[in-house]
Amino acid sequence: MSLGITWTTDWITESARVVAEHRVELVTLDRAIGDGDHGENLDRGYTAVMAKLGDLPPDSVPGDALKLVATTLISTVGGASGPLLGTAYLKAAGAVGKEPELDGDALVALLTAARDGIVLRGKAESGDKTMIDAWTPAVEAAAAANAEGKSEAEILDAAATAAEAGAVATEPLVARKGRASYLGERAIGHRDPGAQSSSLIIRAAADAAKGA
Ligand code: ADP
Ligand code: MG
């Protein structure tokens, strides 16, 4: 089984739903170590995405949908997370190209390109207490699951579980990038909002695959 445009639009729809559901939680996390807008930023962005998703032509491929998310997030989300996640979706779109169906290798390429896009844009390394601390474990777990010959749904489930653990693991860290880096040791004990939202988005990919 491979994953096509239906999975991709389901993933986007589920991402919008969970971001809205967790808006207050993401705002609360960002209030502790940032400026308190992360949940609003992402909710605004994904709401704008959902308004455009229905305009995708019927013959669209996964890359087309990912590109739509990219341009919409970049143009509607103020704050660091818009350009960062926008670049992630843009690079993910580039990685899958015109492929109508994504197998395990393509999913690993998609996730890797997304992570690399965030690094290209934001220059964060693992352990800097950013969304990268969710994405990099997700990429590694997806690659490992794919190497073991797991199904697409299992690969995404492994990625999501690793991203969730990665988000939790940002709690004891001092931030070295973004607004939280101004806080020094005062950031210790708080989960990074971007790592948390990225774990929600990657879990949404796995949940969309379950239904596929
Ligand atoms: P802002 O910080 O501009 O208010 P948001 O609140 O929407 O933007 O997003 C904050 C999140 O962005 C942080 O929790 C962190 O995960 C992520 N972030 C900030 N700077 C970087 C960076 N240079 N690289 C990767 N992620 C970053
Ligand atoms: Mg913020």
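This is a predicted model: local features need pLDDT of at least 70, side-chain atom pairs count only at pLDDT 80 or more; totals for chains, interfaces and linings use all residues.
**View 1. Residues around ligand 1.** The shell around ligand 1 holds 21 residues. Asn 41, Ala 80, Ser 81, Gly 122 and Asp 192 are the closest of them. By class, the shell comprises seven nonpolar, eight polar and six charged residues.

**View 2. Side-chain contacts to oxygen atoms of ligand 1.** His 38 places a polar side-chain atom 2.9 Å from an oxygen atom of ligand 1. For Asp 37, an N or O atom of the side chain is 3.0 Å from an oxygen atom of the ligand. The side chain of Arg 179 likewise has an N or O atom 3.0 Å from a ligand oxygen. Ligand 1 on its own would expose 570 Å², of which the protein buries 92%.

**View 3. The largest pocket, with ligand 1 in place.** Ligand 1 takes up the space of the largest pocket. Helices H3 (38-53), H5 (81-96), H6 (104-122) and H9 (193-211) each give two or more residues to the shell around the ligand. H9 provides the largest share, three residues.

**View 4. Lining of the largest pocket.** The volume of this pocket is about 500 Å³. Its lining consists of 24 residues, and those nearest the pocket centre are Ala 80, Ser 81, Leu 84, Gly 178 and Arg 179. At least two lining residues come from each of helix H2 (23-33), H3, H5, H6 and H9. Eight residues of the lining are nonpolar, nine are polar and seven are charged.

Definitions and conventions. Residues are numbered from 1 along each chain as its sequence is written. Chains are lettered from A and ligands numbered from 1 in the order in which they are written. Side-chain values use heavy atoms; hydrogens and water are left out. A residue is near a molecule or strand if one of its heavy atoms lies within 4 Å of it. A polar contact is a pair of N or O atoms within 3.5 Å; within protein, one must be able to donate a hydrogen and the other to accept it, and residues adjacent in sequence count only if both atoms are side-chain atoms. Accessible areas come from the Shrake-Rupley method with a 1.4 Å probe; for residues, only the protein chains shown count as cover. On a 1 Å grid over the protein atoms alone, a cavity is a set of points where a 1.4 Å probe fits but cannot get out, and a pocket is an open set with protein on both sides within 12 Å along at least five of seven lines; lining residues have an atom within 4 Å of a point. A molecule sits in a cavity or pocket if more than half of its atoms lie within 2 Å of its grid points. Helices (H or I, at least four residues) and strands (E, at least two) are DSSP runs, numbered from the N terminus. Ala, Val, Leu, Ile, Met, Phe, Trp, Tyr, Cys and Pro count as nonpolar, Asp, Glu, Lys and Arg as charged, and the others, Gly among them, as polar. Grid points are joined across faces, edges and corners, and a volume is the space filled by probe spheres set on the points.
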